[in-house]
Amino acid sequence: MGKTIAEKIISEHCEKDVSAGEFVVAKVDVTMVQDGTGPLTIEEMKKINLEQAINPEKTVLFIDHASPSPRKELSNSHKVLRDFAKKTGAVLSDVGEGVCHQRLVESHVSPGEIVIGADSHTCTSGALGAFATGMGSTDVGIAIALGKTWLKVPETIKINITGKFQAGVYAKDLILHIAGMIGADGATYKALEFTGETIEKMPMADRFTLSNMAVELGAKAGLIASDETTREYLLSRGREDRFREIFADQDAVYSEIIEIDASKIVPTLSCPHTVDNTITVDKIGNVKLDQVFIGTCTNGRIEDLRVAANILKDKKKHPDVRLIVVPASREVYSQALKEGIIKTLVDAGANVLAPGCGPCVGIHAGILGDDEVCLATQNRNFQGRMGNPKGYIYLGSPATAAYSALTGYISDPREIYALHTAQRIYPNEKYIH
Amino acid sequence: MIKKGKAWKFGNNISTDHIAPGRLFHLRSNLPELAKHVLEDADPDFAKNMSHGDFVVAGKNFGLGSSREHAPKIIKIAGVNAVLAKSFARIFFRNAINIGLPLIECNTDLINQGDDLEVNLEAGIVKNLTQNIDIKITPLPEVMIKILNEGGLAKHIEKHGDFQLV
């Protein structure tokens, strides 16, 4: 019987042939915590005298959620992580270096690895063909100290995508469409495998967007086979030697196979307060916006900023809208500066903030007022997510967000492509036909 | 062990943002204080009105969202005996068992706000004393029963020095 990607990677890490449903203790390659979860990890490790990192160069501590710190309590939590890094030799990714998941794929994760992170969106690295999953502080603390964890080998749902996106439609619209289709618990305890010709042609940035949101469907992992695109990405990161081909066997057994025609997807939004509460943009009606946020581990990459800059070039955001842009990492920021994207965005009225999670987690840098409405490119719109339970969050693609920042209402980005008014001065923008 | 308490009813998709919101991120280093706000964004009066030993009773997909272990921790610190739901999100499920908060998967449609419950984990039964109904519990995987019985994952590792689960 053939194996899924999850079964293959987990089998390699527990040195026996395992299939879905089995419980195993598996070796872990990369572990990570962030400033929201790491201090508790360290506290728990201390309690049982296990304050150690068995594999320090593959243990990464990120200060990205409250970064730079808005409060003394959080500054003190940051110190806990810096001290642990000094003590154990673990890698520290400090204020301004970027969102953990972007930094992990840029510099730390390779195909075929097992990644355990104390952050639910750890599944992002699945796009590199790694088995990457989020856990809590204690699970990750034990994995940091001992280099292993227990896992139930998950069943896998295969999502096979064929066809070409329309102009103005992106991977974000696809994953929101899937969330609406199968629900916020549609893949609980399971892994997802994204396959098909649309995925084969999809650039890494968009693959990361898909894998990032696997957890929003309840999934344990969002896996994509590694291929030439993965190899080129690693090459661009100076890590070509870490490339390995990871793919599912032809006769792998799936719990379900879902077929999707990408050409039928239209710009999609999640409405408050759950990710699976989706609607297509043509049916949204008049939703007036107070804030637009472009960034995060879902959509804060250079490709996303290019899309936004192409739409906002030589234009001004709507006067009633606060536009916030947060590059996902310092490297993304630097590249955007080099390409003139930051100037374009600032001239359009954007507030460009330090790389990190920005306002997505509701700690700082863009908390909503009562009854205010935000359109964000992030992955969650739960009640209270952006710091105020009386705020309303819609989720959409960077194109929908940028165009809506111009109009002041949630708007269909296909309009600009149909009118040929989008300027295409920034190179390498994908899916503009 | 038999536990008795009152049911506090919540809906579907109660997220970790409802349980331990990001706006109180700075209280993560002060869990007793954070526990005073537990589930605040789902029911602002819950923490104030609940009594030690009561049960949180919810619909499907309880605990979805973030990996923050602080969420089950403050439910436990607030004095909640166990969380009953039709289903739990995966990370919350692991976290709760790891820190020793019992989770009970059962048909919570058979429980109303304020019902008196008696939970017998060993027998796998929730007795709704108010409505005089027995509700069957879906058993936990054996690995998780071991962790729960040893007082959580940290205690398990402290005792054995390694995983002794499978």
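Visitor: How many positive and negative side chains does chain B have?
Guide: In this predicted model, chain B has 20 positive and 19 negative side chains, and the centres of the two sets lie 2 Å apart. Lys and Arg count as positive, Asp and Glu as negative, while His and the chain ends are not counted. The charge is placed at NZ of Lys, CZ of Arg, CG of Asp or CD of Glu. Chain A has 47 positive and 55 negative side chains, with 4 Å between the centres of the two sets.

Visitor: Which conventions apply to the numbering and to the values?
Guide: Residues are numbered from 1 along each chain as its sequence is written, and chains are lettered from A and ligands numbered from 1 in the order in which they are written. Local features need pLDDT of at least 70, side-chain atom pairs count only at pLDDT 80 or more, and totals for chains, interfaces and linings use all residues, while side-chain values use heavy atoms, with hydrogens and water left out.

Visitor: What makes the radius of gyration of chain A agree or disagree with that of a compact globule?
Guide: The radius is taken over C-alpha atoms, and the globule rule is 2.2 Å times the number of residues to the power 0.38. For 433 residues a compact globule would have a radius near 22 Å; chain A has 21 Å, and therefore the two agree. The C-alpha trace of chain A spans about 55 × 55 × 40 Å along its principal axes.

Visitor: Why is K48(B) called exposed?
Guide: A residue is buried under 20% relative accessible area, exposed over 50% and partly exposed in between (1.4 Å probe, protein chains only). K48(B) has 64% relative accessibility and therefore counts as exposed. K48(B) belongs to helix α3 (residues 46–49) of chain B.

Visitor: What percentage of each chain counts as buried?
Guide: For chain A, 66% of the 433 residues count as buried; for chain B, 59% of the 166 residues do.

Visitor: How do you know on which side of α7(B) the buried residues lie?
Guide: The buried residues of helix α7 (residues 153–160) of chain B are L153(B), A154(B), H156(B) and I157(B). They cover an arc of only 160° around the axis, so they lie on the same side of α7(B). The arc is that of the directions from the helix axis to the C-beta atoms. An α-helix has 3.6 residues a turn, so residues three or four places apart point the same way.

Visitor: Which helices do the buried residues of α7(B) pack against?
Guide: They pack against α2 (38–47) and α5 (137–146) of chain A together with α5 (90–98) and α6 (142–149) of chain B. Contact here means heavy atoms within 4.5 Å. Just after α7(B), G161(B) takes a positive phi of about 75°.

Visitor: What is noted about phi of N49(A) and N132(B)?
Guide: N49(A) is not a glycine, yet has a positive phi of about 55°; its place is in the loop between α2 and β3 of chain A. N49(A) has a relative accessible area of 68% and is therefore exposed. Phi of N132(B), also a residue other than glycine, is positive and near 55°. N132(B) lies in the loop between β6 (125–128) and β7 (133–136) of chain B, and its 71% relative accessibility makes it count as exposed.

Visitor: Where are cis peptide bonds found?
Guide: One joins S67(A) to P68(A), with omega near -5°, and P68(A) lies in the loop between β3 (59–62) and α3 (72–88) of chain A. Another joins P272(A) and H273(A), with omega about 0°; H273(A) is in the loop between β12 (268–270) and β13 (278–280) of chain A.

Conventions. Helices (H or I, at least four residues) and strands (E, at least two) are DSSP runs, numbered from the N terminus.
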